[in-house]
Amino acid sequence: MKYIYNVTFHIEQEVFPQWQSWIEQHFDRLLKESEFLQIRLLQIHTEHVQSKAFSVQYEADTKQAITHFQSALEEKYRRELFLQFGEKVLTFATLLTIEKEVKK
């Protein structure tokens, strides 16, 4: 079974370029520090012109990899995000499992 820890980001336009740089650095560091297999960045298309929305999906083979991230690393990354952007970048997280995949 594959686990995906999905973090949704809502970013105000004025800090979007800085957030893009921050998230790219975050990926490299996190892959080194965590047990995640891969990270996906997906844009969420909305009608809101004052902000952008993205989903970051962290994929793991075990639930323990997700738990390790949540207990050992997540607070550090959330604190860095808040110190740099305050409430101009808002997030929420969801744990997902891949139950079935159908491919052509």
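This report describes the sheet and the helix packing of a predicted model.

In this predicted model, local features need pLDDT of at least 70 and side-chain atom pairs count only at pLDDT 80 or more, while totals for chains, interfaces and linings use all residues. Residues are numbered from 1 along each chain as its sequence is written, and side-chain values use heavy atoms, with hydrogens and water left out.

**Sheet.** An open sheet is formed by 4 strands in the order β2-β3-β1-β4, with antiparallel pairing. Strands (E, at least two residues) and helices (H or I, at least four) are DSSP runs numbered from the N terminus; two strands pair if DSSP finds at least two bridges between them. The edge strands, each pairing on one side only, are listed below.

| Edge strand | Residues |
|---|---|
| β2 | 38-44 |
| β4 | 89-97 |

Neighbouring strands are turned by 20° against each other on average, direction ignored. Axes are lines fitted to C-alpha atoms, for helices over the stretch in contact, and angles run from 0 to 180 degrees between N-to-C directions. β2 pairs with β3 (residues 51-60) in the antiparallel sense over 7 bridges; Arg40 has Gln57 in β3 as its bridge partner. Helix α1 (residues 16-33) packs on the sheet and touches β1 (3-12), β2, β3 and β4, where contact means heavy atoms within 4.5 Å. The direction of α1 makes about 5° with that of β3.

**Helix pair.** The axes of α1 and α2 (residues 63-85) come within 12 Å and cross at roughly 160°. The two helices are therefore roughly antiparallel to each other (angles over 145 degrees). Residues in α1 including Trp19, Trp22 and Leu30 meet residues in α2, among them Phe69, Leu73 and Tyr77.

Terms used
Parallel < 35°, antiparallel > 145°, perpendicular 65-115°, else oblique.
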